[in-house]
Amino acid sequence: MKAYDVIALGELLIDFTQNGLSEQGNGLFEANPGGAPCNVLSMLNNLGKKTSFIGKVGRDQFGMTLKKSLEDLNIGTENLMMDEEVHTTLALVHTFEDGDRDFSFYRNPGADMMLRADEVKEELLKNTRLFHFGTLSMTHEGVREATVKAVTLAKEAGALVSFDPNLREPLWDTLEHAKEEVRWGLGKCDILKISDNEIQWLTGKDDFTEGVARIRSEFPIQLILVSMGKDGSRAYYKEGYVEMAPFLQKNTIETTGAGDTFCACVINYVLEHGLDDLTEAQLLEMLKFANAAASIITTRKGALRVMPSRQEVLDFLDAQAR
């Protein structure tokens, strides 16, 4: 028995999302705790899993807020480091009318990219059932070394590995560098969650099935999830795939955290059912729950602190079935 179900490494930051206008007509921004890996952990905690986070924030007001947020959510902070000199990473999120977003990052440098390999606690990685990571911890050499060390330790200990590229173009020196690091992640994971635009960018294929085939021609990934926004999601497994329609809502506010919520639900399903011999019915059940949870989060500001509970998702599905 492992002490943790899931450990994630990566960015923990403040998402400043617009929340109305001042009396002078200026935009008001709300400071929401965020960062894709911890969004995933937050949803997993709501589904009853024991989690912990590896990363770095600044020893400043925002860093203290983030640490308390994780503690409040029962996400382990044993390996959350605090930088004495570099400030916590910030992101300004501009939301479009359709709920999609554009990001502006204050990260040159930001504390999340200052994590070092020697700060990664080996005992944590040896004691988890699954390790999750993305590419924001691979944009710069120091934090990339920490990521490589964590992935290596987790795999050596027999953990499953899940990977979400979560491409943020402004944070890369070149997109070719980004593609190189994504390919490294593809070679290490058992579960890949990738968005529609990412798979098109990575493979040059507009057809997702052709894109998955191109990935699998080099990387034998057992389970590949393609999130397609308003078109739903697909799970590619063995020789085929299943597809599930989305749950679109009129009261959608923004899509921040939707992909992370979806990813967490998939990880949770794999932890509860294994990765071998999944049936088509099970894959559809997995996607249905994940799509529903992602739909709920689009009606809420932020993500980390407002993930739905299992019962909320089940109640939502019951209501949709009526």
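The legends below describe close-up views of a predicted model.

View 1. The largest nonpolar core has 57 residues. Within this core, L223, L225 and M286 touch the most other members. Leaving out residues up to four places away in sequence, L223 touches D190, I191, L192, R216, A235, Y236, Y237, V266, V270, L275, L283 and M286. In soluble globular proteins, nonpolar side chains tend to be buried together.

**View 2. Packing of helix 9 against helix 10.** Helix 9 spans residues 280–297 and helix 10 spans residues 310–321. Their axes come within 9 Å and cross at roughly 100 degrees. An angle of 65 to 115 degrees counts as roughly perpendicular, and helix 9 and helix 10 are therefore roughly perpendicular to each other. From helix 9, the contact is made by K288, F289, A292, A293, S295 and I296. From helix 10, the contributing residues are R310, E312, V313, L314, F316 and L317. By class, the contact of helix 9 with helix 10 has 8 nonpolar, 1 polar and 3 charged residues.

View 3. A8 lies in strand 1, which covers residues 4–9. The relative accessible area of A8 is 0%, so the residue is buried. With neighbours within four places in sequence set aside, A8 is in contact with P37, L41, S52, F53, I54, F131 and H132. K67 is 59 residues from A8 along the chain, and the C-alpha atoms of A8 and K67 are separated by 15 Å.

**View 4. The aromatic pair of F16 and F62.** The structure holds 6 aromatic pairs. In the pair of F16 and F62, the ring centres are 5.7 Å apart and the planes stand at 85 degrees. Planes over 60 degrees apart count as edge-to-face, so F16 and F62 form an edge-to-face pair. The pair links distant parts of the chain, with F16 in strand 2 (residues 13–21) and F62 in helix 2 (residues 61–72), 46 residues apart. F16 counts as buried at 16% relative accessibility, whereas F62, with a relative accessible area of 25%, is partly exposed.

View 5. F131 and F133 form a stacked aromatic pair, 5.9 Å centre to centre, with 20 degrees between the planes. F131 counts as buried at 0% relative accessibility. F133 is also buried, with a relative accessible area of 0%. Ring pairs link F131, F133, F163 and W184 into a cluster.

**View 6. The buried arginine R234 in strand 12.** R234 is found in strand 12, residues 233–237. Its relative accessible area is 14%; buried means under 20%, so R234 is buried. Not counting residues up to four places away in sequence, R234 touches F208, T209, I224, L225, V226, M228, Y241, V242, E243 and L287.

Technical notes: Residues numbered from 1 in each chain as written. Predicted model: local features only at pLDDT ≥ 70, side-chain atom pairs only at ≥ 80, totals over all residues. Heavy atoms only, no water. Core = buried A, V, L, I, M, F, W, Y, C linked by side-chain atoms within 4.5 Å. Buried < 20%, exposed > 50% of the residue type's maximum accessible area, 1.4 Å probe, protein only. Contact = heavy atoms within 4.5 Å. Axes fitted to C-alpha atoms, helices over the stretch in contact; angles between N-to-C directions. Helix = DSSP H or I, 4+ residues; strand = E, 2+ residues; numbered from the N terminus. Parallel < 35°, antiparallel > 145°, perpendicular 65-115°, else oblique. Nonpolar A, V, L, I, M, F, W, Y, C, P; charged D, E, K, R; others polar. Phe/Tyr/Trp six-rings, centres within 6.5 Å; stacked < 30°, edge-to-face > 60°.
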